Amino acid sequence: MEVLDTLKETGVDIARHGGRGLEPRSPIDGQPTVGLRVTTQDDASAILERANAAFLRWRTVPAPVRGELVRRFGNELRNHKAQLARLVTIEAGKITQEAQGEVQEMIDICDFAVGLSRQLHGLTIASERPGHHMRETWHPMGVCGVITAFNFPVAVWAWNAALALVCGNAVVWKPSEKTPLTALAVQAIFDRVAADFDDAPDGLNAVLLGSQELGRMLADHARVAIVSATGSTAMGGDVSRRVAQRFGRCILELSGNNAAIVTPAADLDLAVRAILFAAVGTTGQRCTTLRRAIAHSKIADDLVDRLKKVYDHVPIGNPLDEGILLGPLIDQRAYAAMESALQQARKEGSQVFGGGRVAIPNLKDGYYVRPALVEMPGQNDLVRHETFAPILYVLRYRDLDEAIALNNDVKQGLSSSIFTNDLREAEHFLGATGSDCGIANVNIGTSGAEIGGAFGGEKETGGGRESGSDAWKGYMRRSTNTVNFSRDLPLAQGIRFDAVT
């Protein structure tokens, strides 16, 4: 797979990072890629001190100038899109199209952040006191710690880093130990851009390589003003408790158990195409993966028959090969979780279509699987549990309120969708009594969000928001200012307190 050559093309000095302690394996063939030296606690402490020093300088640089650094970085990402996408495929197992799409997300958020650098606006507020005005201003927070998961090894960092940087913060990144090479490649590109940028201080962005202990260190460290963590609900709970103990700020993007309601008014051809990508894309390893199809009893059998036909023809294999739509699961543990869920479904009397391991020539240690459809008699604990694999549970409903109740009857609240050509159904689903998720779509799937909208969810998904809209406020602190430009000193609420002078 020529990993070393690809790393070299992005500028990584592998001799500097090579060593023992971290041995990632490619899900494509299950074989080790490059042995790496882990970041020690002492090294991490020094990195955090440098990041704080960088923040103290970077916050004084005008925001549009900070945006210029991000613009240059985005251009370098364009120049290295092919190499970064290849590393994403090798480390995360994504098919080439999805890997390229992930790098494009990085480029897109850089473009968004550059424009944002001239739009970090507050408010002017009318004062009740004569000769006064009030305003709201926003200021950089400090060091932003970013903890990312294997399934989006670079895009999620970029969602955070691009905004954090234009907002005036420094960034310290702890990637998944399963996908460290992509992080090193991105860091090498960033370092080159920053070295040619006079206003960029040393240590403005840094990478920590290692286990969960480094993530806990970020959560515990007083120098880290913001911790953005992506991963399981259990991990998010640990991080949030640690950060809360020191009154820091958290941005949490945790698990999802996403549903799509398919009504009798749906365009089934459209719904099937959308469901296929949402349920099968990234081998079911997106937080926005479609895990539950809630179909009206009138059209459920037809929908399942159509899905079985397309599931039967999904090309499975090496994600580096042309035309493949389904690559491997990340590792044996993910495969075991999928098999366990399907076995439990069978024990409970459900009809299971698909599933099982697929043998790919010369890739015997990769965990390739058939996507599975599971027709469930009802929504039980198995369905409510998120299994990070391409399993789609099919449930039936009779009226829309019942379907919405099923959509909401899980602990997670990330993404949701409805397929209908009935305006009333669509607007009900999007309203206050509809989906309780942070993302609610009509006639598209649950995955594939654009960077223009804030990304995140409710309940056990963590409540965080990243990427577009006004998510930038999560990386800044708010200050309310009152300015007296008169010679008098009227008090608010009409209070009189005449000084004795």
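I call a residue buried when its relative accessible area is under 20%, exposed over 50%, and partly exposed in between (1.4 Å probe, protein chains only). This is a predicted model, so I note that local features need pLDDT of at least 70 and side-chain atom pairs pLDDT 80 or more, while totals for chains, interfaces and linings use all residues. Numbering starts from 1 along each chain as its sequence is written, and side-chain values use heavy atoms, with hydrogens and water left out.

Strand β6. I looked up residues 170-174 and found five of five buried. A170, V172 and K174 point one way, V171 and W173 the other. Helices (H or I, at least four residues) and strands (E, at least two) are DSSP runs, numbered from the N terminus.

Neighbours of β6. Strands pair if DSSP finds at least two bridges between them. V172 is the bridge partner of G145 and stands opposite A206 in β7.

Aromatics. Ring centres of Phe, Tyr and Trp (its six-membered ring) must lie within 6.5 Å to pair; planes under 30 degrees apart are stacked, over 60 edge-to-face, the rest tilted. I count seven pairs. F150 and F388 sit edge-to-face, 6.2 Å centre to centre with 85 degrees between the planes. F150 is in the β5-α7 loop and F388 in the α14-β16 loop, so the pair ties together parts 238 residues apart in sequence. F150 is buried at 12%; F388 is partly exposed at 25%. W173 turns up again in one aromatic cluster with F73, W157 and F190.
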